[in-house]
Amino acid sequence: AMSYKSMAEQMNSQAVAEIVRELSEVNTEIERLEYYMSLLSPELVQIIRLFFFDRKTWYEIESETGFSRRTLTKRRTEAIERLAQMYSYTGEFISK
């Protein structure tokens, strides 16, 4: 029979392996997003970073960039659509 200590060690090692695997997958997705963002114009990257990563308000982004809210929302939508196209294209490529 397996002792409590050896069973706990086995469970801990399995948990660590699972966490390492998940972190590796997350890191791969981060690298993929960074690559796709590098294909966008610096202006679109700035808007995406400020809005989604820095979680700035529209007012803060307007102040920082000098663009109107309408321009910012249009460009954010453009950036999201372009990123979605990149993801869907590579998704199709990878799944075939």
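A residue is called buried under 20% relative accessible area, exposed over 50%, and partly exposed in between (1.4 Å probe, protein chains only). Glu43, with a relative accessible area of 29%, is therefore partly exposed.

The model is a predicted one, in which local features need pLDDT of at least 70 and side-chain atom pairs count only at pLDDT 80 or more, whereas totals for chains, interfaces and linings use all residues. Residues are numbered from 1 along each chain as its sequence is written, and side-chain values use heavy atoms, with hydrogens and water left out.

**Stop 1: Glu43 and Arg75**

Select Glu43 together with Arg75. Their side chains form a salt bridge with an N to O distance of 2.9 Å; the term denotes a side-chain nitrogen of Lys or Arg within 4 Å of a carboxyl oxygen of Asp or Glu. The bridge links distant parts of the chain, since Glu43 belongs to helix α2 and Arg75 to helix α4, 32 residues apart. Helices here are DSSP runs (H or I, at least four residues), numbered from the N terminus. Arg75 is partly exposed, at 25% relative accessibility.

The charged end of Arg75 sits over the ring of Phe67, 4.7 Å from its centre. A charge is placed over a ring if NZ of Lys or CZ of Arg is within 6 Å of the ring centre and within 35 degrees of the ring normal.

**Stop 2**

Select residues 42-53, which make up helix α2. Which residues of this helix are buried? They are Leu44, Val45, Ile47, Ile48 and Leu50.

Move on to Arg55, in the loop between α2 and α3 (58-65). Its phi is near 55 degrees, a positive value in a residue other than glycine. Arg55 is exposed, with a relative accessible area of 68%.

**Stop 3: further salt bridges**

How many salt bridges does the structure hold? There are six. One of them joins Glu64 to Lys56, whose closest N and O atoms are 3.2 Å apart. Both partners are partly exposed: Glu64 has a relative accessible area of 42%, and Lys56 one of 28%.

Next select Glu62 and Arg69, whose side chains meet in a salt bridge of 2.9 Å, N to O. Glu62 is partly exposed at 23% relative accessibility, as is Arg69 at 42%. Elsewhere, salt bridges that share partners join Glu18, Arg21 and Glu25 into one network.

**Stop 4: the tyrosine rings**

Rings of Phe, Tyr and Trp (its six-membered ring) pair if their centres lie within 6.5 Å; planes under 30 degrees apart count as stacked, over 60 as edge-to-face, and the rest as tilted. The count by this rule is four aromatic pairs. Select Tyr36 and Tyr87: the ring centres are 4.8 Å apart and the planes stand at 80 degrees, so this pair is edge-to-face. Tyr36 lies in helix α1 and Tyr87 in helix α4 (residues 69-95), so the pair ties together parts that are 51 residues apart in sequence.

Are these two residues buried or partly exposed? Tyr36 is buried at 6% relative accessibility, whereas Tyr87 is partly exposed at 26%.

**Stop 5**

Select Ile80 in helix α4, a partly exposed residue with a relative accessible area of 37%. Leaving aside neighbours within four places in sequence, Ile80 is in contact (heavy atoms within 4.5 Å) with Ile48 and Phe52.

Then select Leu39, in the loop between α1 and α2. Leu39 is partly exposed at 43% relative accessibility. With neighbours within four places in sequence again left aside, Leu39 is in contact with Arg82 and Met86.

**Stop 6: a nonpolar patch**

Finally, select Met2, Met7 and Met11, which make a nonpolar surface patch of about 310 Å². Patches consist of residues with over 30% relative accessible area and no salt bridge, like charges being joined within 9 Å and nonpolar side chains (Val, Leu, Ile, Met, Phe, Trp, Tyr) within 5 Å. Accessible areas come from the Shrake-Rupley method with a 1.4 Å probe; for residues, only the protein chains shown count as cover. Met7 is in helix α1 (residues 4-38) and is partly exposed, with a relative accessible area of 39%.

Terms used:
Helices (H or I, at least four residues) and strands (E, at least two) are DSSP runs, numbered from the N terminus.
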